[in-house]
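Keep the 3D view open as you read.

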Amino acid sequence: LHGAVCTGKTHLLEGVCSGLTRTFPDWRILFLTAEDFTNRFVQAMHLHKLNAFRQQFRACDALLIDDVGFLAKKQATQEEFLHTLDALQIDQRPVILTADCHPRLADHFMPELTDRLVGGAVWSLTTPDRATRLELLRAKTYKAGGMPDDVLDFLAEHLHGNVRELEGAVHSVAHLAKATTRPIDVELAREALGDLLRHSIRLVKGEDVERVVCEGLAITRDLLFSKKRQWIY
């Protein structure tokens, strides 16, 4: 699973872990971060306990590791993880990983490790769409007593960031309402999120597109709109 920060990778991985635990209560499931895997590996080397380390990870029934990109530039840890991955795949045991980008785009990964990662199912997670943003906002405001539907609709329509940005917007609106003893409405939300809303609006005009195309192709605007079809060097 790969995606930008705060697209829900860790949350989804936790959900997968919970599902496996409920479905297979006798399984030995390991769920940890790549940093934790690295620290355990380094400690095992220093204490001369690599056999115990390998037994723990290669004998588990499922391995879930968050933020595998942490292994970048760590040659020895990558090699150990590669052997662990191979051992689990031979026995057809599930391995689920998260990263900030597609394995092919990860810098400083061993080619062998990259090939193993792309050999599985690779899924991307993106920022939530409007319907999902609305449900997230509704969930984030539920414990605080909720917000009017028109305010939630306004926030879902104008905010296009990740989950933490949505959560921060909810806090900002609630804090302003409390500080000013005003009811929460669209006008208050607009006031509380003025800077955030301005940064989320991106206006692209036709002349902007024309200018970029002309610059990229090194041609004039007149040539762009001419009837000529030949390429001008």
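## Starting at Leu85

Leu85 lies in helix H4. Please keep in mind that this is a predicted model. Is Leu85 buried or exposed? With 4% relative accessibility, Leu85 counts as buried, because the cut-off for buried is under 20%.

Setting aside neighbours within four places in sequence, Leu85 touches Val95, Leu113, Arg116 and Leu117. Arg58 sits 27 residues away along the chain, yet the C-alpha atoms of Leu85 and Arg58 are 8.0 Å apart.

## The nonpolar cores

One of the partners of Leu85, Leu113, has its own set of contacts beyond four places in sequence: Gln78, Phe81, Leu82 and Leu85. In soluble globular proteins, nonpolar side chains tend to be buried together.

The largest nonpolar core here has 24 residues, and Leu63, Ile65, Phe81 and Leu113 make the most contacts inside it. At least two residues of this core come from each of strand S2 (29-33), helix H2 (34-46), helix H3 (50-58), strand S3 (62-66), helix H4 (75-90) and helix H5 (111-118). There is also a second, separate core of 19 residues, with Met147, Leu152, Ala156 and Ala177 among them.

## How H2 meets H3

How do the axes of H2 and H3 cross, and at roughly what angle? They come within 8 Å of each other and cross at roughly 150°, which means that H2 is roughly antiparallel to H3.

From H2, the residues Phe37, Arg40, Phe41, Ala44 and Met45 meet Leu50, Phe53, Gln56 and Phe57 of H3. By type, the residues of this contact are 7 nonpolar, 1 polar and 1 charged.

Definitions and conventions: Residues numbered from 1 in each chain as written. Predicted model: local features only at pLDDT ≥ 70, side-chain atom pairs only at ≥ 80, totals over all residues. Heavy atoms only, no water. Core = buried A, V, L, I, M, F, W, Y, C linked by side-chain atoms within 4.5 Å. Buried < 20%, exposed > 50% of the residue type's maximum accessible area, 1.4 Å probe, protein only. Helix = DSSP H or I, 4+ residues; strand = E, 2+ residues; numbered from the N terminus. Contact = heavy atoms within 4.5 Å. Axes fitted to C-alpha atoms, helices over the stretch in contact; angles between N-to-C directions. Parallel < 35°, antiparallel > 145°, perpendicular 65-115°, else oblique. Nonpolar A, V, L, I, M, F, W, Y, C, P; charged D, E, K, R; others polar.
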